[in-house]
Amino acid sequence: MNQLREEREEAMAKFEQLTAKVKTLEAENLAKEQEITSLTHKNQLLETDSEKFETNLRETKEELSRLRQSGTQNEALQRRLQLLEEEAEESDRNIREVNDKLRQTDVKAGHYERKVQALEAAKEQSEEKYEEMAKKYAEVKKELEDFQLEIGNI
């Protein structure tokens with residue numbers, strides 16, 4: 001009987017020991033389950049953040065692509081603007097040259113108009129002199145004819 005008691009006490013001790021170990025393992029299991037739940041929640045949050053970051057990255061890449069394209073367009077527009085400015089400067093130079101030539105032409109035209117007026121005045125004087133000379137010639141011719149008739153009658 002003593003032996004049964006000892007076996008029983010040993011079994012009870014072992015039972016208590018195993019019960020304590022089961023409680024420890026259950027506590028550890030509960031802690032692990034809570035840790036798993038916590039880690040699962042953290043994982044979900046990280047996945048959500050990851051999705052946000054991926055979306056943000058994709059949008060940033062798209063924006064960067066648009067900016068690069070805008071930069072290329074901006075460079076093309078700046079080159080075109082520079083060409084247009086150069087053309088405008090060339091046009092301004094041409095306009096100044098044409099205006100200078102126009103002024104010179106106006107001055108020459110004024111000079112030639114004065115010459116034309118002087119020549120027209122000289123022409124009128126010459127025509128008047130011609131008419132006077134023609135009249136005098138006609139008078140002298142008549143006088144000559146009259147004189148010849150008188151001489152011929154004598």
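This is a predicted model: local features need pLDDT of at least 70, side-chain atom pairs count only at pLDDT 80 or more; totals for chains, interfaces and linings use all residues.
**Entry 1: a first pair**

I started with E63, which forms a salt bridge with R66, the closest N and O atoms being 2.6 Å apart. For my own reference, a salt bridge here is a side-chain nitrogen of Lys or Arg within 4 Å of a carboxyl oxygen of Asp or Glu. I noted that E63 and R66 sit 3 residues apart in helix 1, so about one helical turn separates them.

**Entry 2: what I am looking at**

Residues are numbered from 1 along each chain as its sequence is written, and side-chain values use heavy atoms, with hydrogens and water left out.

**Entry 3: the whole chain**

I checked the secondary structure and found 1 helix and 0 strands. Helices (H or I, at least four residues) and strands (E, at least two) are DSSP runs, numbered from the N terminus. Helix 1 covers residues 2-153.

Next I looked at the overall dimensions. The C-alpha trace spans about 215 × 20 × 10 Å along its principal axes. The radius of gyration is 63 Å, whereas a compact globule of 154 residues would have one near 15 Å. That radius is taken over C-alpha atoms, and the globule rule is 2.2 Å times the number of residues to the power 0.38.

How much of the chain is buried? I found that buried residues make up 1% of the 154 residues. The accessible surface comes to about 15000 Å², and 54% of it belongs to carbon and sulfur atoms. These areas come from the Shrake-Rupley method with a 1.4 Å probe; for residues, only the protein chains shown count as cover.

Lys and Arg count as positive, Asp and Glu as negative, with His and the chain ends not counted. Each charge is placed at NZ of Lys, CZ of Arg, CG of Asp or CD of Glu.

The structure holds 4 salt bridges. One of them joins R93 and E90, with the closest N and O atoms 2.5 Å apart. Both lie in helix 1, 3 residues apart, about one turn of the helix. R93 is partly exposed at 37%, and E90 is partly exposed at 36%.

D100 and R103 also meet in a salt bridge, 2.8 Å from N to O. They are 3 residues apart in helix 1, so again about one helical turn. Here D100 is partly exposed at 37%, but R103 is exposed at 52%.

**Entry 4: two patches**

Patches take residues with over 30% relative accessible area and no salt bridge, joining like charges within 9 Å and nonpolar side chains (Val, Leu, Ile, Met, Phe, Trp, Tyr) within 5 Å.

I found a negative surface patch made of E85, E86, E87, E89 and D92. E85 is in helix 1 and is partly exposed at 44%.

Which residues form the nonpolar patch? They are L144, F147 and I151, with about 300 Å² of accessible area together. L144 lies in helix 1 and is partly exposed at 46%.

Terms used
Buried means under 20% relative accessible area, exposed over 50%, partly exposed in between (1.4 Å probe, protein chains only).
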